[in-house]
Amino acid sequence: MHGDSWTRTTCPYCGVGCGVLARARGDGTAEIKGDPEHPANFGRLCSKGSALGETLSLDDRLLHPSIDGTRATWSDALDLVAQRFAEAIREHGPDSVAFYVSGQILTEDYYVANKLMKGFVGSANIDTNSRLCMASSVAGHRRAFGTDTVPGCYEDLETADLVVLVGSNLAWCHPVLYQRLIAARQERGTKVIVIDPRVTATCEIADLHLALTPGSDVALFNGLLAHLSAAGRIDRGYVSAHTTGLEAALAAASTMSLSEIAATTGLRPTQLADFYEMFAETERVVTVYSQGVNQSSAGTDKVNAILNCHLATARIGSLGMGPFSVTGQPNAMGGRETGGLANMLAAHMELADPVHRRIVANFWGAPRLAEKPGLKAVDLFRAVGDGRIKALWIMGTNPAVSLPDADSVTRALAACPFVVVSDVVADTDTLRHAHVRLPATAWGEKDGTVTNSERRISRQRKFLPPPGDTRPDWWQLAEVARRMGFADAFDWQHPSEIFAEYARLTATGNNGSRDLDIGAHGAITPADYEKLAPFQWPQPNGDTPRETRFFADGRFFTPDRRARFVATPFQAPVQQTSPRYPLILNTGRLRDHWHTMTRTAKSARLMAHAPEPTVEVSPTDAVALGLMNGGIAEIESASGRVLMRVAVTDTQRPGSIFAPMHWTSVVASQARIDTLVGAATDPVSGQPELKHTGVAVRPFHAHWHAFAVTIEKPSPNIADYAASARLQNGYRCDLAGTTEPDDWDAFARALPGLDGSDLEVLAYRDAKAGQHRVAVFSGERLVGAMFVARGPLTIARTWIGEQIGQTVPPEDRLRLLAGRPGGGVRDRGPIVCACLDVGRNEIVAAIATGGARSVADVGLAVKAGTNCGSCRSDIQRIIDEARLAKAG
């Protein structure tokens, strides 16, 4: 798998599972390019994947174990972990301990964690952050199909005649799939319907955009099922032969008239009719859904409402048709497969099924297999908070930021008697509460497998040496298991041995009765594991491989092998608005960021597109609330308060706001958005409602605003509002506050790295106007600068950031203090295309002076939008704005 020192591996971001070719450089970075042979991406990469080589620095890495903040040996740290977990189990029972793991650990790590907790500790208190992104899909699949089977394949997007995207901003969250869909649309004329309350980047390719009322998806798809029945489009032969429950599902779906559905969804009856007719008249339909469906207090019903429509029309199990849940993490699927959820056993086996329990217990030689489902994520941290959980091990995730009611999670961690955190970075909101910190190997340093959204298993391979004392997660778990007395069951020397064991378990007692079977790899050797090519399961042991497209024969995995229709009566979201909290908060991802930014924040070009936490507000709401574009908003809910920069945009529907999930207290002062989100969950899946929280929004009346650039990273605690972002040679920091410092020069010199006595300071002050500007030099090299005003600053931030660490001769320093390049030098403006580092002003110039009239023209002129394509909608908006300006 190596040639010319390139290593074949898999991207560690979203669930597309793109193949990557990586080659280490001597400076600690790596060359990265897409793997043209990988069937997920065929060489394509998005902006995040392209920048992977820029995220490998060790400056913020956790490199050594520690106990209570003091460096420790691995032996001492692991001894203590085993001792404290064993004590809790002995004194309070197995349910007094828990693991909380991540869709970013590898399948081998997941398998070991699940085996230890469910098979040897004897508790099912192991859950994963994947509970936050796809648990409702799991529950919906199990209700309809009898097992968590994803029937879709990526080629379905390229062979469908109609693709319906529900709650999925594919352009930003799964950019390579978006590219494949664009290519199919250009080649085949594929129709695209986008169902999303917001106008997202994905809407650029939509033939129909249904901007429905948040939380009304069930009503929409119930109406579709009723329409299919009324129009005679239900495949009665298929339904009779392969399903049960249609009449009950139809009865629930038929309780609302078209006008009532229109009122509930906020859509016009003509829009509903267009959607229903397009779906009814098109045989090859793929419905792709993601977090907008899953992250809901009715997420499981939303999933089943979609599945009902596909089952009713027999549009499942064939090329170019079917429901398709696309996952958000690189190994959310691997976690589902190995039993990483608290209500499942390994290998897609059921915790409540006595046959499955016997298979797993005998295979593992488990002394005390968990007898009941464990606590799901939200309930697990409630149990930490109320003292039921005495010892908690968190691996590769940051629940103090990502879980709802995040301040309660923080308080729970602070109160827990014993917290262990395995992570790759030295500072997170969660790690701050760890009694024991265990340094884990990161992407590029470890070996294992991941499963993508289409059930394709790929290898992650090591191409960098593990730094410091870092160790793989599976090794850490196995060492603790040995110390707890389970050495024989955890005696692996290589991840290939774990994968082989897991593969054998999938085949044990199977013979086609379960969907997941990779028994063909049950005897894999380390050499074969190293060469393992991406494959789609199932791959059972034997001479005749099973069909990898599920349900083609109309047989499912329920006891009678029939699919189940599920009645899904519409229910309004649990977390409603109120007079005190009148707006709906919707949270989600941005294009170039990832989760809590422990990786993407290391890349200057990824941070450039969105360097601050920003709340999107409609123009109507902005006027009503007194919000100014570029100002700062205070957002409050019943559980918390944050401060964010305001972006007034007509892509946001009135009555709702959108805020990103990514910012932490490591990079911003008050922007952990999940502090606002209530802890309501779906009653079936346990997945929290992250798309519908009532909030109040008001202007934050700062007395001063500032922008600073420094060589060293500034603290996020230096102002009421503070947000820092990496630059090529330093950091930028946006600031605002209500209390003005007595001495602005002293405030600036207190920024990191600016207090040296040998530094030269150039300052400008206009106290009456409230303007203060300071530039600090070491020789001719700029090491820091700060710009202060009473209102939001209108300075060339991108250009100023490019000057940090550079030589600035004396004759150019006044220009620097002015905050504008001048002298014929153009400020590139905010970065629009992160892949190719193209700024807004460069695109504007291509339009104004270069004659660019289309996105394609801009691509030819400055290359923006020619790599992953996820910035194409931004480019189109700039073109549209230029046309309006010229016309007006």
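These are my notebook entries on a few spots I looked up in this structure, which is a predicted model.

I started with the second largest pocket, which holds about 350 Å³ of space. I found 21 residues lining that pocket, and D60, A601, V666, V667 and K713 come closest to its centre. Which strand gives the largest share of the lining? I noted strand β29, residues 721-726, which supplies three residues. Then I sorted the lining of this pocket by class and got nine nonpolar, six polar and six charged residues.

**Entry: cavities**

Next I asked how many cavities of 30 Å³ or more a search of the whole structure finds. I wrote down four. I picked the second largest cavity, with a volume of about 120 Å³. Of its 16 lining residues, those closest to the centre are Y13, C14, K48, C173 and P175. By class, I have twelve nonpolar residues in the lining, plus two polar and two charged ones.

**Entry: two helices that pack**

I reminded myself that a packed pair of helices is described by the angle between the axes and the distance between them. My pair was α16 (residues 354-364) and α21 (residues 495-507), and their axes make an angle of about 145 degrees and sit 10 Å apart. I noted the crossing of α16 and α21 as right-handed. Which residues meet there? From α16 I listed I359, V360, F363 and W364, and from α21 I listed E501, R504 and L505. I counted five nonpolar and two charged residues in this contact, with no polar ones.

Is E350 buried or exposed? Its relative accessibility is 17%, so I put E350 down as buried, since the cut-off for buried is under 20%. Leaving out residues up to four places away in sequence, I saw E350 touch R142, G146, M344, L345, H356 and R357.

Then I looked for exceptions. The peptide bond from W537 to P538 is cis, and I noted an omega near 15 degrees. I placed P538 in the loop between β20 (535-536) and β21 (563-564).

R455 isn't a glycine, yet I found a positive phi of about 65 degrees for it. I traced R455 to the loop between β18 (448-451) and β19 (456-460). Its relative accessibility is 0%, so R455 goes in my list as buried.

D837 isn't a glycine either, and its phi is positive too, about 55 degrees. I found D837 in the loop between β34 (831-833) and β35 (838-839). How exposed is D837? With a relative accessible area of 32%, D837 is partly exposed.

I193 belongs to strand β10, residues 191-195. I read 0% relative accessibility for I193, so I marked I193 as buried. Skipping residues up to four places away in sequence, I listed what I193 touches: L162, V163, V164, L165, L208, L210, F275 and M278. I also looked up how I193 relates to A527: they're 334 residues apart in sequence, and their C-alpha atoms are 46 Å apart in space.

A98 is in strand β7, residues 97-101. I read 0% relative accessibility for A98, so A98 is buried. With residues up to four places away in sequence left out again, A98 touches F85, M117, N125, L380, I389, A391, L392 and W393. How far is A98 from A383? I got 285 residues along the sequence and 9.9 Å in space, C-alpha to C-alpha.

**Entry: an exposed glycine**

Last, I went to G823, in the loop between α27 (813-818) and β34. Its relative accessible area is 68%, so I noted G823 as exposed, given that exposed means over 50%. I checked G823 against W6 as well: they are 817 residues apart along the chain, with 44 Å between their C-alpha atoms.

Definitions and conventions: Residues numbered from 1 in each chain as written. Predicted model: local features only at pLDDT ≥ 70, side-chain atom pairs only at ≥ 80, totals over all residues. Heavy atoms only, no water. 1 Å grid on protein atoms, 1.4 Å probe; cavity = no way out; pocket = protein on both sides within 12 Å on 5 of 7 lines; lining within 4 Å. Points joined across faces, edges and corners; volume = space filled by probe spheres on them. Helix = DSSP H or I, 4+ residues; strand = E, 2+ residues; numbered from the N terminus. Nonpolar A, V, L, I, M, F, W, Y, C, P; charged D, E, K, R; others polar. Axes fitted to C-alpha atoms, helices over the stretch in contact; angles between N-to-C directions. Left-handed = near helix turned anticlockwise from the far one by under 90°. Contact = heavy atoms within 4.5 Å. Buried < 20%, exposed > 50% of the residue type's maximum accessible area, 1.4 Å probe, protein only.
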